[in-house]
Amino acid sequence: MRDVAYHLISSYPPDALEAEEKELIKEYLAELNSRLENPLSFEEAWFQYRMHALWVLAAFVISAGAGNLFSPNVVKEIVPRICRALTRIDSFGALEKVINH
């Protein structure tokens, strides 16, 4: 789910993502599960997506700070988009669940 989170959160139009996010995950999951011996439930996929959204922020910030990989305009557009997604899907709530498990 890490690559799905990275792609959707960093490149899909934010308003469209908010409206279509769970459906996109379900479509991806159906395709993925058709190839897996042990299918992944939507609940587990959604939880992983929420957790990997934190990685999206870390990966983007690290890459942005590594020189000239991104222009300042791209950083100004994408970082708020990622932060908006983290809040919307409650990534920190998912992290708290892992920490307190």
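Let's start with an arginine: R81 counts as buried, at 14% relative accessibility (buried means under 20% relative accessible area, exposed over 50%, partly exposed in between, with a 1.4 Å probe and protein chains only). R81 is found in helix 4. What does R81 touch, not counting residues up to four places away in sequence? The list is I9, S10, S11, Y12 and P14, where contact means heavy atoms within 4.5 Å.

Quick housekeeping. This is a predicted model, where local features need pLDDT of at least 70 and side-chain atom pairs count only at pLDDT 80 or more, while totals for chains, interfaces and linings use all residues. Residues are numbered from 1 along each chain as its sequence is written, and side-chain values use heavy atoms, with hydrogens and water left out.

OK, the overall picture. We've got 5 helices and 0 strands in the protein chain, so reading from the N terminus you get α-α-α-α-α, as helices (H or I, at least four residues) and strands (E, at least two) are DSSP runs, numbered from that end. The C-alpha trace spans about 45 × 30 × 25 Å along its principal axes. There are 101 residues in the protein chain, and 30% of them count as buried. If you take contacts with a separation of 6 or more, 68% of them come from residues 24 or more positions apart.

On to the inside. The largest nonpolar core has 22 residues, and I9, I25, Y49 and I82 touch the most other members. By nonpolar core I mean a set of buried Ala, Val, Leu, Ile, Met, Phe, Trp, Tyr and Cys residues joined through side-chain atoms within 4.5 Å. Helix 1 (2-11), helix 2 (14-33), helix 3 (42-64) and helix 4 (72-88) each put in at least two residues. Which helix gives the most to this core? That's helix 3, with 8 residues. As background, nonpolar side chains in soluble globular proteins tend to be buried together.

Setting aside neighbours within four places in sequence, I25 is in contact with M1, V4, L8, F42, A45, W46 and Y49.

Three of those names come back when we look at rings. The structure holds 3 aromatic pairs; rings of Phe, Tyr and Trp (its six-membered ring) pair if their centres lie within 6.5 Å, and planes under 30 degrees apart count as stacked, over 60 as edge-to-face and the rest as tilted. Why is the F42 and W46 pair stacked? Their planes sit at 15 degrees, with ring centres 6.1 Å apart, so the pair is stacked. F42 and W46 are 4 residues apart in helix 3, so about one helical turn separates them. W46 also stacks with Y49, at 5.3 Å centre to centre and 20 degrees between the planes. Those two are 3 residues apart in helix 3, again about one helical turn. Both W46 and Y49 are buried, with W46 at a relative accessible area of 13%. Ring pairs link F42, W46 and Y49 into a cluster.

Last stop, back in helix 4, where we find I78. Buried or exposed? I78 counts as buried, at 9% relative accessibility. Leaving out neighbours within four places in sequence, I78 is in contact with S10 and F60. S10 is also one of the residues that R81 touches, which brings us back to where we started.
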